[in-house]
Amino acid sequence: MELKLYVDRLSQPSRAILIFCKANGIEFEEVKILIGKMQHRSPEFAEINPMKQLPAIVHGDFKLFESHAILIYLASAFSGVADHWYPTDIYKRAKVHSVLDWHHSNLRRGSVGYLFNTRIALAFGLPLDPKASAEGEKLLSASLAMIESYWLEKDEPFLLGNSQPSIADLALVCEIMQLEVADEEDRDRILGPHKRIMKWIDDTKNATAPYFDEIHSMLPLAKEKLKELKVQASKQ
């Protein structure tokens with residue numbers, strides 16, 4: 001069955017899915033749905049995902065959305081995927097689910113709240129919200145501290161004390177990589193205190209090389225465009 005990925009590389013969860021497929025030799029067609037042009041709100045895309053959000057997949061007659069569900073499906077549906085990505089051991093698998101459940105209500109909420117209200121809102125013609133940005137940064141910083149103190153165990157490089165990455169590592173690291181579009185001083189202020197997280201990011205990059213850097217190569221360009229929008233907004 002042909003696998004189609006409906007993605008935008010500006011979307012953190014879209015990047016995680018693209019990297020996962022490439023790293024595991026899963027063949028797919030990349031169908032680009034541009035968030036900036038509101039293509040995810042079109043009636044055509046609503047037939048793929050009625051929630052009108054990215055990413056989504058179509059595999060034969062099967063349609064699926066929500067990034068964590070997609071990663072779980074891909075790890076389960078393709079026989080060539082190594083066990084460390086989504087372990088067959090039910091206890092290890094449950095631990096992966098615990099990280100993924102935590103992700104959406106903590107790290108992702110903080111990251112989106114901070115970045116949208118310091119940068120990304122301008123791309124949609126919306127004003128920046130300093131109060132919402134501060135609240136997002138507070139949750140983001142608390143989430144980074146929790147990853148470092150709890151989810152990353154001291155003796156191994158990946159989450160949950162694993163020697164190789166799981167889908168949880170990929171999902172969370174791609175989330176943190178979105179900070180590449182922030183001002184350098186802001187990114188350094190937020191990530192600088194977390195040396196173990198910086199190493200974990202590098203370990204995940206190396207484990208999925210060369211695909212990690214390939215899929216994230218658009219972030220510097222996005223950063224420059226958002227910086228220009230911020231300058232323009234300050235002059236109005």
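Colleague: Where is proline 55 found?

Modeller: In the loop between α2 (43-46) and β3 (56-59). Helices here are DSSP runs of H or I with at least four residues, strands are runs of E with at least two, and both are numbered from the N terminus. This is a predicted model: local features need pLDDT of at least 70, side-chain atom pairs need 80 or more, and totals for chains, interfaces and linings use all residues. Residues are numbered from 1 along each chain as its sequence is written, and side-chain values use heavy atoms, without hydrogens and water.

Colleague: Is the peptide bond from leucine 54 to proline 55 cis or trans?

Modeller: Cis, with omega near 0°. The bond from alanine 209 to proline 210 is also cis, again with omega near 0°. Proline 210 sits in the loop between α9 (195-207) and α10 (211-216).

Colleague: OK, backbone again. What is the phi of glutamate 66?

Modeller: Positive, about 80°, although glutamate 66 is not a glycine. Glutamate 66 lies in the loop between β4 (62-65) and α3.

Colleague: New topic. How is the protein chain divided?

Modeller: Into domain 1 (3-81) and domain 2 (85-235). The bounds come from an automatic or database domain assignment. The C-alpha centres of the two domains are 19 Å apart. Domain 1 puts 22 residues into the contact and domain 2 puts in 26, with contact meaning heavy atoms within 4.5 Å.

Colleague: How much area is buried between domain 1 and domain 2?

Modeller: About 2,100 Å², with carbon and sulfur atoms giving 72% of that. Buried area is the accessible area (1.4 Å probe) that two parts lose on being put together, summed over both.

Colleague: Which three residues supply 31% of the area that domain 1 buries?

Modeller: Gln12, Ile19 and His68.

Colleague: Which helices supply at least two residues of the side of domain 1 that touches domain 2?

Modeller: α1 (12-23) and α3 (67-77) each do. α1 gives the most, with nine residues.

Colleague: Why is the pair of phenylalanine 20 and tryptophan 85 classed as it is?

Modeller: The ring centres of phenylalanine 20 and tryptophan 85 are 5.4 Å apart and the planes are at 85°, so the pair is edge-to-face. The pair links distant parts of the chain, 65 residues apart. Phenylalanine 20 is in helix α1, and tryptophan 85 is in the loop between α3 and α4 (90-105).

Colleague: Back to salt bridges. What's the count by this rule?

Modeller: The count is 11. One of these salt bridges joins arginine 189 and aspartate 186, at 2.8 Å from N to O. Both lie in helix α8 (residues 184-191), three residues apart, about one turn of the helix.

Methods:
Rings of Phe, Tyr and Trp (its six-membered ring) pair if their centres lie within 6.5 Å; planes under 30 degrees apart count as stacked, over 60 as edge-to-face and the rest as tilted. A salt bridge is a side-chain nitrogen of Lys or Arg within 4 Å of a carboxyl oxygen of Asp or Glu.
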